Structures are given as C-alpha cells and as structure tokens.
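Have it open while you read, and go through the points in order.

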Amino acid sequence: MPFWPATVSFGLPPPAELAAAAAAGARPEACRPHAGRTDPTLWTRARLPEVALSCRLLSRATARLEHTPADALALARSAASFEPNAPAARLLEGRALLRLGRVPEAWVLLAPFVEEKSAPLDDAPSLFDVARTALAAGALEQAARAYRLLVPRAALLGSRQTERTAVIEAASLALARGPGSLDEALGYLETARSIPLAGDHDLMLALTALALDRAGRTEQARAAAREAEGPWDLESELSQAERARVAETALSPSGELTPSPAAIRPSRIMLLDGELHAAIAELAWGRDEALRRAHWRAFLASAAGRGAWAEHARRALGKSGKGR
C-alpha cells in the first residue's frame with residue numbers, strides 16, 4: 001500500500017459556493033448585472049457610456065490575456081483611462097505584466113489585492129496570478145496569504161492540472177517558510193495527491209518526504225521517499241541555472257558556494273529557489289549518495305541556503321546514506 005501520512009485535511013467549499021464564485025468572475029461591480037437596480041441618477045446616466053466602453057475593453061483584455069498578453073496590457077490600460085481608479089483594470093494590467101515577465105511592475109499593481117485591509121479576491125485565476133506574482137517578487141508573507149485564499153477556490157481554475165499545480169505551489173511555499181508551516185504543507189500535499197491525474201507523483205512524494213524529514217519524522221520520510229521511482233525524473237525538471245549550480249558546487253574546493261540572491265525557478269510549477277535541490281536530495285537517499293550530497297550542496301548555495309532550513313541541510317549533508 002502506498003505510504004501517505006495522516007495529515008490535516010483542507011476541505012473545499014460546497015458546489016453552490018463554487019458556482020456563485022464562478023458566476024461572479026473577475027467582472028468589476030459596474031459591469032455586473034443587478035436585479036432590481038434603482039433608476040440611476042443624472043450623473044450616473046452621464047457616465048454609463050464610459051463605463052460600458054471600459055467594460056468592453058476589459059472583456060477583450062481578459063479574452064487575450066493568455067495568448068497575447070501585450071494586447072491585453074494595452075486594452076487594460078485603455079480601460080483604466082476611462083476608469084482610473086477601477087481595480088479591475090489594475091488587476092488585468094498586472095496579470096498581463098506577469099505574463100510578459102515584468103514581475104516588479106506587476107507586483108506594484110497586484111500587491112494591494114492581497115493586503116490585509118483589502119477584500120479578498122473571489123476570482124480564482126486572478127488570485128492565482130496574484131499569488132504567483134508575490135512569490136516571484138519575493139513577497140513571501142503576501143504569497144502565503146494569497147495561496148491560503150486560493151486553495152479552497154482552486155477547483156475554479158479551469159482544469160484539474162492547474163488546480164493541482166496551484167496546490168503543489170502552496171505546499172512548497174509553506175514547506176520552505178519554516179517549522180511552523182510544516183503541517184500546512186502536508187495538508188496541501190494531501191489535497192494535491194487526491195486530485196486524480198497522472199504526473200508529478202514523484203514531486204509530491206519528494207515534497208512529502210522533505211516535510212517529514214524537516215519535522216524530524218525521519219523513518220516516515222524514508223518510507224515516503226521509497227514510494228517514488230527515484231530522483232532522476234525530478235532532475236530533468238532542473239533549470240539551466242540549477243544545473244550550473246550543481247556543477248559549480250562539485251568543482252568548489254569546499255563543496256559550497258555563497259548563497260545566490262532570492263529567485264524563483266522559471267518552470268511550470270513555481271518553487272522557491274533551492275527547494276527542488278532539497279526534494280531531489282530526499283529521493284536520492286539510499287539510491288545515489290553522490291547525487292544526494294551534490295543536491296544538498298546546491299541547496300546551500302541557493303537562496304534557501306541562508307533560510308530557515310540551512311542547518312537541516314548541513315546536518316543532512318554530514319550524514320551517510322549507507323545502509324539506510
């Protein structure tokens with residue numbers, strides 16, 4: 001029987017709540033139909049053409065967001081010229097900038113949507129972009145808040161694959177943040193593995209093993225790792241920069257490098273820099289000692305090498321995998 005530890009379960013809202021949130025979507029208040037709306041004032045009637053044009057521009061921007069984000073950006077900015085303070089235009093502009101790789105600009109626009117004082121976003125795709133932008137910008141507290149809001153709405157992301165990706169990212173972020181978030185990470189991983197899809201099995205097992213090992217539950221961690229095929233498929237997910245880091249640490253006389261600046265891996269599943277090294281090292285235990293040590297050294301040379309789990313990595317690097 002596959003090993004999965006008993007963990008906290010994060011339930012999803014009932015179908016009626018999901019349907020209501022989907023119906024609301026990302027439309028601004030002025031663009032939504034309202035039953036029983038009272039007769040508008042003279043000022044409101046005068047502005048209706050501008051509001052209608054802004055809504056059309058926002059609708060076109062939303063339709064082009066995935067395939068032509070530059071067009072979506074131009075349309076969102078045009079909508080903002082009619083409604084300078086409209087949050088929907090700022091939201092779409094930030095989402096387009098994220099897709100264009102302009103993360104600092106995107107975060108300036110999207111940060112207000114995850115502030116404590118702001119009303120939480122109901123639109124799951126927008127919330128996913130806000131969470132990812134915060135993650136990429138290194139705003140980890142805001143990213144954690146956004147992912148916590150997103151996970152119960154993840155079924156509204158449009159596909160089961162995207163849903164699971166979002167939950168895995170939430171788990172990885174919680175796992176990286178420190179001892180106080182390990183149960184949260186394990187709960188997210190339980191949710192992710194309950195989504196019946198092929199793929200990412202070894203990654204979920206590796207993150208589970210890593211969470212258990214960081215929690216001091218070593219034997220359970222080894223049991224989880226043994227359920228995986230091995231670390232080699234995860235190695236294929238390494239970015240060019242991560243591969244270079246592994247090679248550089250192997251050539252370094254001390255086996256370690258100065259930790260690099262904080263960064264996000266450019267990949268289908270966004271993980272904090274260094275976490276994939278740790279995940280590979282967990283699965284390499286008892287299978288490939290040289291690979292295990294290489295990735296713990298690479299972890300220490302990553303941004304995570306000066307974070308909450310640096311000492312755990314140093315201890316792991318000092319251990320031998322023989323006979324385990």
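This is a predicted model: local features need pLDDT of at least 70, side-chain atom pairs count only at pLDDT 80 or more; totals for chains, interfaces and linings use all residues.

**Notes on the model**

1. Let me start with Asp200, which is buried, with a relative accessible area of 15%. Asp200 sits in the loop between α9 and α10 (201-214). Its backbone is worth a look too: phi of Asp200 is near 65°, a positive value in a residue that isn't glycine.

2. Now the overall picture. The chain has 16 helices and zero strands. Of its 324 residues, 51% are buried. Take the contacts in the chain with a separation of 6 or more: 68% of them join residues 24 or more positions apart.

3. Move on into helix α10, where you'll find Ala209. Ala209 is buried, with a relative accessible area of 0%. Leaving out residues up to four places away in sequence, Ala209 touches Ala221, Ala224, Ala225 and Glu282. Also look at Ala209 and Gln220: they are 11 residues apart in sequence, and their C-alpha atoms are 7.4 Å apart in space.

4. Asp213 is also in helix α10. Is Asp213 buried or exposed? With a relative accessibility of 10%, Asp213 counts as buried, because the cut-off for that is under 20%. What does Asp213 touch, not counting residues up to four places away in sequence? The list is Thr218, Ala221, Arg222, Glu282 and His312. Ala221 and Glu282 turn up in the contacts of Ala209 and in those of Asp213 as well, and I'd show both residues when you display this part of the model.

5. In soluble globular proteins, nonpolar side chains tend to be buried together. Here the largest nonpolar core has 75 residues, and the ones that touch the most other members are Tyr147, Leu150, Leu234, Trp296 and Phe299. There is a second, separate core of 19 residues, with Ala61, Leu65, Ala76 and Leu109 among them.

6. Which residues does Leu234 contact, leaving aside neighbours within four places in sequence? They are Asp202, Leu203, Ala206, Leu276, Ala279, Ile280 and Leu283.

7. How many aromatic pairs does the structure hold? There is one. It is made by Trp296 and Phe299, in an edge-to-face arrangement with 5.8 Å centre to centre and 85° between the planes. Trp296 and Phe299 are about one helical turn apart, because they are three residues apart in helix α15 (residues 289-300). Both Trp296 and Phe299 are buried.

8. Last, the empty space. Rolling a probe the size of a water molecule over the atoms shows where such space is left. In this model the count is two cavities of 30 Å³ or more.

Key. Residues are numbered from 1 along each chain as its sequence is written. Side-chain values use heavy atoms; hydrogens and water are left out. On a 1 Å grid over the protein atoms alone, a cavity is a set of points where a 1.4 Å probe fits but cannot get out, and a pocket is an open set with protein on both sides within 12 Å along at least five of seven lines; lining residues have an atom within 4 Å of a point. Grid points are joined across faces, edges and corners, and a volume is the space filled by probe spheres set on the points. A nonpolar core is a set of buried Ala, Val, Leu, Ile, Met, Phe, Trp, Tyr and Cys residues joined through side-chain atoms within 4.5 Å. Buried means under 20% relative accessible area, exposed over 50%, partly exposed in between (1.4 Å probe, protein chains only). Contact means heavy atoms within 4.5 Å. Rings of Phe, Tyr and Trp (its six-membered ring) pair if their centres lie within 6.5 Å; planes under 30 degrees apart count as stacked, over 60 as edge-to-face and the rest as tilted. Helices (H or I, at least four residues) and strands (E, at least two) are DSSP runs, numbered from the N terminus.
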